[in-house]
Amino acid sequence: MSTRPERAFPAQVASEGLAIGRIALRRMRSLAAIAKGTAEEEGARLEAARLAAAAQLERLIDRAEEEAAAILEFQSALLGDDELLGPVRRLIAEGEAAAAAWQRILDQQAADYQAAEDEYFRARALDLADLRDRVVELLAGGSEDETAAEQGAIYVGVDLAPSRFLELDWESYRGGAVVRGSSAGHVAILARARGIPLVVGLAATESMLIDGAEAILDAEAGQLIQDPSAETRARYQRRAAEREVEARAQAAHLGKPALTRAGERVVTYVNVDDPRALPAVDPATCDGVGLTRTEFLFSGEGGLPGEGRQFAAYKALLQWAQGRPVTIRTLDAGGDKPIAGLTLDGESNPFLGLRGLRLSLARPDVFRVQLRALARAAVEGDLKVMLPMVTRPQELDATRALFRKAVSELVAEGIPAAMPKLGMMVEVPAAALNIAAFDADFYSIGSNDLVQYVTAAGRDCEAVSDLYDPLEPGVLELVHRVAEHGRLTGREVSLCGDMASDPRYLAALLDAGLRAVSVAPARLARVKAQIAAYG
Amino acid sequence: MPDASERSIVITHEVGLHARPSVKLTKLAKSFDAEIRVRGEGAEDWVDAKSIVRVMGLKLRMGTTIFFKADGPDATQALEALVGLVERDFDEHAA
């Protein structure tokens, strides 16, 4: 046990959980701290970093899915290209440090792509930045991630890129704490899906943190405790034991359909934010996918995704589901999810602006590509397509017409296509109040937005967070109203917002008549256990 | 390369000369001893077909004609193979 005093660093919870272990301090070293060597030494440094980066990429390519592998192969080919390395070596020979020379040449290349006319080539600038950073990290001596983590290590660093998150061995690491990032970020989503405790926004600098120190990652309250006292340690050990018991009890429910105490069936779907998290989920533990956020396709590398790339992603989801229904939401950009080149900049109130289906209908060129990809996917399994931010019945009708047109065009081209079930998100109060006017095949309540629109309290606005209350009677009244309409007309009504995953709210939703929910995969066991105890 | 052989072909691949097709093309070019150069329709400069930086730098889209020339003992086979790769849409089946 250390003689240093206990020290707690506050942070935001990105993925709930608890880990007791040792701090593994990663890549907080800066380039400035590294002394520049002679031209020969710098040249040798570059060569070593280049070879190490190539080896990392090879390992990643082996594990990557096709789409990602294509990008990694491009990066790997760049590392072997003398046309790229020649200028870097020349700068080093002229006396520049390896990292500076490498950065300069890669930035020049990236600028060239940035200036391209074609969206695809413009997006390659990101690949060059990715490759640039990978080699720079290695030059800074940051290859330590690659050495296997000790059992029970807690990853502590400045940042954690999604690709890095996927590389790490989460059997050895028990959790992570990073200085940057947000709880809505991509890594947070991946961590939640896999149930790995993660905090972001850690209020600590490198000099405060001690590599190898005992630590408790409290991703319940949101803090990293370094050198915990015997008392603190004992308290968290008790809490960890409690969690263990809870998890084991919940896991018993995972393989069974969710039934209330009265024996009433509740459909339990999973939400898919990023399909890369899916291999860890057994499709037999759920009733299918209740929400796929297709923004993952649009916000990543590669610019706006083409029809082929979208189709491949949708088809992979349907294959994973093995015949179970898969609900895919059309692009829900705008609001707090801007997409460069697509959403409007400078809207005074983006949550009330051109977002969701409104944006798709305003950009038929982009929407058409997604509808075609979805129509092609509809022949591959039980596909349900869901439209976000529907406000008026006309929007639903207009989309159905566009969809039919896409299907008939594809069929005329000799490409197999079909019309999927077409449903709507219920998140705009006007739609919830007028639900009977919407002839949708199914309804899914988007509680995150519904709550903020009903309470007029922004979900990202801390000053009014007490008003952003999912249990507000007005919210529950609307949930009840929509559920009742579904019951009377024989159409499914589910709820896919965070409310369903939260143990504080689930019972109220069941009380309101809801009999289908869609939750984060890591929350499935807990939700099923709670349903079993309901009634 | 005055006596180099030359061939041209239209790119029919859906997305054009993107990352993966470019990687395949440069890998194939590297498997030959011949010096192989490539240029896109409308461009004057020939670039090294074995360099990914150069080939991707052409930023060729579907429907563009791509020109190859090769010089060396296996030049004929190299051109045959490269034209074949473009013809077969880089062995990718647009999903």
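## Two crossing helices

The crossing of H10(A) and H12(A) is right-handed (the near helix is turned clockwise from the far one by less than a right angle). Helices here are DSSP runs of H or I with at least four residues, strands are E runs of at least two, and both are numbered from the N terminus. This is a predicted model, where local features need pLDDT of at least 70, side-chain atom pairs count only at pLDDT 80 or more, and totals for chains, interfaces and linings use all residues. Residues are numbered from 1 along each chain as its sequence is written, while chains are lettered from A and ligands numbered from 1 in the order in which they are written.

The axes of H10 (307-321) and H12 (364-377) of chain A come within 8 Å and cross at roughly 40 degrees (axes are lines fitted to C-alpha atoms, for helices over the stretch in contact, with angles from 0 to 180 degrees between N-to-C directions). That makes H10(A) oblique to H12(A), because angles under 35 degrees count as roughly parallel, over 145 as roughly antiparallel, 65 to 115 as roughly perpendicular and the rest as oblique. Among the residues making the contact are A:Phe311 and A:Tyr314 of H10(A), plus A:Val369 and A:Leu374 of H12(A); contact means C-beta atoms, placed from the backbone, within 7 Å.

## The sheet

Now for the strands of chain A: eight of them form an open, mixed sheet in the order S1-S8-S7-S3-S4-S5-S6-S2. Strands pair if DSSP finds at least two bridges between them. At the edges sit S1 (7-10) and S2 (12-15) of chain A, each pairing on one side only.

## Where the chains meet

The contact takes 17 residues from chain B and 20 from chain A.

Note on methods: Two residues are in contact if their C-beta atoms, placed from the backbone, lie within 7 Å.
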